[in-house]
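Biologist: I would like to learn how to read a sheet, its strands and a pocket in a model, taking one feature at a time.

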Amino acid sequence: MSEPKVWTAKALYEALKATEQFQGGAASAELLEGAEPSLHLVMHEYGDLPLFLAVVGEQIVVESLLWPQSQVHDIAAFNDELLRTHKMFPLSTVGIENLDGDSVYIMFGALDARSSLSNVVFEIDTLADNVIKATEAYEPHLRAAA
């Protein structure tokens with residue numbers, strides 16, 4: 001029995017471009033070269049939602065920015081609700097990261113770097129769907145856009 005191959009960002013980029021979803025225009029991908037290559041995915045079926053995918057060690061991480069923490073009315077109340085309701089978004093987790101000096105909420109999913117291409121595509125679709133659902137579910141906690 002042979003070991004499944006470990007994906008790299010470049011190999012995933014090439015493989016994703018060949019899938020029906022990307023060939024058909026439902027999504028597009030850009031390879032971001034650098035010290036650690038990653039992918040910028042645009043989910044056209046989800047209002048051009050941007051996602052980022054990276055292969056980090058033994059995992060593939062797919063993530064999306066939700067909103068800055070400063071956009072939340074009551075951070076403690078929001079965090080409490082978030083921790084109580086996060087199971088509504090299967091295969092995804094919400095975290096807080098620092099982005100250019102600001103704390104922001106992100107949603108992400110992770111899977112084994114040896115996962116099948118179909119599982120990677122499923123994770124990407126699931127994350128995009130969960131981001132939209134989370135935005136709708138938690139909208140009452142957000143300040144109105146200026």
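Modeller: What follows goes from the sheet to one of its strands, then to a single residue and a pocket. This is a predicted model, in which local features need pLDDT of at least 70 and side-chain atom pairs count only at pLDDT 80 or more, while totals for chains, interfaces and linings use all residues. Residues are numbered from 1 along each chain as its sequence is written, and side-chain values use heavy atoms, with hydrogens and water left out.

Biologist: In what order do the strands lie in the sheet?

Modeller: Strands (E, at least two residues) and helices (H or I, at least four) are DSSP runs numbered from the N terminus, and two strands pair if DSSP finds at least two bridges between them. Here 6 strands form an open sheet in the order 1-2-3-4-6-5, with antiparallel pairing. Strand 1 and strand 5 are the edge strands, each of which pairs on one side only.

Biologist: How many bridges join strand 3 to strand 4, and what is the bridge partner of Ala 54 in strand 4?

Modeller: These two strands run antiparallel and are joined by 5 bridges, with Val 61 in strand 4 as the partner of Ala 54. On strand 2, Ser 38 is the residue that stands opposite Ala 54, and strand 2 pairs with strand 3 over 6 bridges, again in the antiparallel sense.

Biologist: Is Ala 27 buried or exposed, and what does Ala 27 touch?

Modeller: Ala 27, in strand 1, is buried, with a relative accessible area of 2%. Contact means heavy atoms within 4.5 Å; leaving aside residues up to four places away in sequence, Ala 27 touches Gln 21, Phe 22, Val 42, Met 43 and His 44.

Biologist: Which strands supply the lining of the largest pocket?

Modeller: Strand 3, strand 4, strand 5 and strand 6 each supply at least two lining residues. A pocket is an open set of points on a 1 Å grid over the protein atoms alone, where a 1.4 Å probe fits, with protein on both sides within 12 Å along at least five of seven lines, and lining residues have an atom within 4 Å of a point. The lining includes Phe 52, Leu 65 and Leu 99.

How values were computed. Buried < 20%, exposed > 50% of the residue type's maximum accessible area, 1.4 Å probe, protein only.
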